[in-house]
Amino acid sequence: MLGAGVAAGLMGVSAAIAQNAPAGNTMNGKKLYETTGCSQCHGLAGQGGAAGPKLIDPTPFPAFVAQLRTPRQVMPPYTERVMSDQQVADIYAHVKTFPLPPDPSTLSILK
């Protein structure tokens, strides 16, 4: 019972964090993603590459912003002077449109 309560509580926290993501313009986010260097390292579809991790099914918005503003790796920081909060929200909205990979159990080659 305790495990179910903890899981339900965590799901509620995740939903609250997701609700804190500001509304973004996916079309502007796509344009920014392709012109500000995101796609060069993370791929056009967020699949990742040698220079950047995948962005499919991204972290909650606050963690996304933290990584963008103060990256832990070799990524350049996109401070507020470089990219506005609205532009970040637009890019996040675009990244959220990336399709998830198929469930491995549905791939015939793995059966």
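1. Ser39 has a relative accessibility of 14% and counts as buried; buried means under 20% relative accessible area, exposed over 50%, and partly exposed in between, with a 1.4 Å probe and protein chains only. Setting aside neighbours within four places in sequence, Ser39 is in contact with Tyr33, Glu34 and Leu44, where contact means heavy atoms within 4.5 Å.

2. A word on the ground rules. This is a predicted model, in which local features need pLDDT of at least 70 and side-chain atom pairs count only at pLDDT 80 or more, while totals for chains, interfaces and linings use all residues. Residues are numbered from 1 along each chain as its sequence is written, and side-chain values use heavy atoms, with hydrogens and water left out.

3. Now the overall picture. The protein chain has five helices and zero strands, giving the pattern α-α-α-α-α along the sequence. The chain has 111 residues, and 28% of them count as buried. Among contacts with a separation of 6 or more, 58% are between residues 24 or more positions apart. The accessible surface is about 7600 Å², and carbon and sulfur atoms account for 64% of that (areas come from the Shrake-Rupley method with a 1.4 Å probe, and for residues only the protein chains shown count as cover).

4. Which residues of α2 (residues 26-35) are buried? They are Gly29, Leu32 and Tyr33. Viewed down the axis of α2, these buried residues fall within an arc of 100°, so they line one face of the helix; the arc is that of the directions from the helix axis to the C-beta atoms. Met27, Lys31 and Thr35 are exposed on the other side of α2. The buried residues of α2 pack against α3 (38-42) and α5 (85-95).

5. Both ends of α2 are worth checking. At its start, a side-chain oxygen of Asn25 comes to within 3.0 Å of the backbone nitrogen of Met27. After α2 comes Gly37, with a positive phi near 105°.

6. On to charged pairs. The whole structure holds three salt bridges, each defined as a side-chain nitrogen of Lys or Arg within 4 Å of a carboxyl oxygen of Asp or Glu. Lys30 and Glu34 form one of them, at 2.9 Å from N to O. Both residues lie in α2, four residues apart, about one turn of the helix. Lys30 counts as partly exposed at 35% relative accessibility, and Glu34 is likewise partly exposed at 38%.

7. Arg69 is the residue I would look at next. Arg69 is buried, with 9% relative accessibility. Glu80 forms a salt bridge with Arg69, with the closest N and O atoms 3.8 Å apart. Glu80 lies in the loop between α4 (61-69) and α5, and Arg69 in α4, so this pair ties together parts that are 11 residues apart in sequence. Glu80 itself is exposed, at 55% relative accessible area.

8. Asp85 lies in α5 and Arg69 in α4, so the pair ties together parts 16 residues apart in sequence. Asp85 counts as exposed at 52% relative accessibility. Through shared partners, salt bridges join Arg69, Glu80 and Asp85 into one network.

9. Last, the rings. There are three aromatic pairs: rings of Phe, Tyr and Trp (its six-membered ring) pair if their centres lie within 6.5 Å, and planes under 30 degrees apart count as stacked, over 60 as edge-to-face and the rest as tilted. Tyr33 and Phe98 form an edge-to-face pair, 5.5 Å centre to centre with 70° between the planes. Tyr33 lies in α2 and Phe98 in the segment after α5, so the pair ties together parts that are 65 residues apart in sequence. Tyr33 and Phe98 are both buried. Elsewhere, ring pairs link Phe61, Phe64 and Tyr92 into a cluster.

Key:
Helix = DSSP H or I, 4+ residues; strand = E, 2+ residues; numbered from the N terminus. Polar contact = N/O pair within 3.5 Å; in protein donor to acceptor, adjacent residues only side chain to side chain.
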